[in-house]
Amino acid sequence: MTTMGQWKQQAKKIKRDVYALYFAYRDQRVPWYAKVFIACVVAYAFSPIDLVPDFIPVLGYLDDLVLIPLGVALALKMIPAPVMEESRDKAERLLKEKPKNWVAGAIILLIWVSLLALILAWVTKFAKFA
């Protein structure tokens with residue numbers, strides 16, 4: 001297999017694991033602290049907005065290439081093996097069906113826009129006093 005083929009396989013594996021993390025998050029056997037971390041990883045992975053925007057050379061894609069795999073790897077260590085096995089099976093089935101959840105995407109976008117609006121309101125409030 002070529003290097004590009006290996007990268008594609010790794011990307012598919014990470015994508016499957018992110019979906020599996022979502023399913024594991026919903027399982028009662030997963031500890032609360034793992035659920036908090038999983039929620040952060042899954043939200044960042046599915047979010048259309050990055051910590052470092054993609055148009056910034058090198059750094060824009062580097063955060064996706066480092067942060068998401070690192071977050072997934074850490075989250076996997078917190079989840080019991082039987083839960084992760086079941087979650088990966090669910091993720092495999094889901095990815096074969098290729099659903100599009102526009103509602104979830106709209107909600108995530110709304111959350112990010114709301115956070116941006118709150119930050120801008122806060123900054124402009126304090127800018128008047130400076």
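Guide: Asp 17 has a relative accessible area of 3%, so it counts as buried, since the limit for that class is under 20%. The model in which this value was computed is a predicted one. Asp 17 belongs to helix α1. If neighbours up to four places away in sequence are set aside, Asp 17 touches Val 72, Leu 76, Met 84 and Arg 88.

Let us now consider the helix that carries this residue. Helix α1 contains 23 residues, and the distance from its first C-alpha to its last is 33 Å, close to the 33 Å expected at 1.5 Å a residue. Asp 17 is one of several buried residues in α1; the others are Gly 5, Arg 16, Val 18, Ala 20, Leu 21, Phe 23 and Ala 24. The buried residues of α1 have α2, α3 and α4 as their packing partners.

The protein is made of five helices and has zero strands, and its elements follow the order α-α-α-α-α from the N terminus on. Along the principal axes, its C-alpha atoms fill a box of roughly 55 × 40 × 30 Å. The protein has 130 residues, of which 22% count as buried.

We may turn next to helix α2, one of the packing partners of α1. The buried residues of α2 are Ala 34, Lys 35, Ile 38, Val 41, Val 42 and Tyr 44, and they are covered in part by α1 and α3.

Ala 45 is also found in α2. Its relative accessible area is 24%, so it is partly exposed. Ala 45 touches Val 18 and Ile 68, again leaving out residues up to four places away in sequence. By contrast, Tyr 33 lies 12 residues from Ala 45 along the chain, and the C-alpha atoms of the two are separated by 19 Å.

An aromatic pair also deserves attention. The structure holds three such pairs. One of them is formed by Tyr 19 and Phe 46; it is tilted, with 5.0 Å from centre to centre and 55° between the planes. Because Tyr 19 lies in helix α1 and Phe 46 in helix α2, this pair ties together parts that are 27 residues apart in sequence. Phe 46 itself has a relative accessibility of 33%, so it counts as partly exposed.

Rolling a probe the size of a water molecule over the atoms shows where empty space is left. The largest pocket has a volume of about 1200 Å³. Its lining comprises 34 residues, and those closest to its centre are Val 18, Tyr 19, Val 42, Ala 45 and Phe 46. Helices α1, α2, α3 and α5 each supply at least two residues of this lining, and α1 gives the most, with 11 residues. By type, the lining divides into 25 nonpolar, four polar and five charged residues.

Terms used: Residues numbered from 1 in each chain as written. Predicted model: local features only at pLDDT ≥ 70, side-chain atom pairs only at ≥ 80, totals over all residues. Heavy atoms only, no water. 1 Å grid on protein atoms, 1.4 Å probe; cavity = no way out; pocket = protein on both sides within 12 Å on 5 of 7 lines; lining within 4 Å. Points joined across faces, edges and corners; volume = space filled by probe spheres on them. Helix = DSSP H or I, 4+ residues; strand = E, 2+ residues; numbered from the N terminus. Nonpolar A, V, L, I, M, F, W, Y, C, P; charged D, E, K, R; others polar. Phe/Tyr/Trp six-rings, centres within 6.5 Å; stacked < 30°, edge-to-face > 60°. Buried < 20%, exposed > 50% of the residue type's maximum accessible area, 1.4 Å probe, protein only. Expected span 1.5 Å × (residues − 1). Contact = heavy atoms within 4.5 Å.
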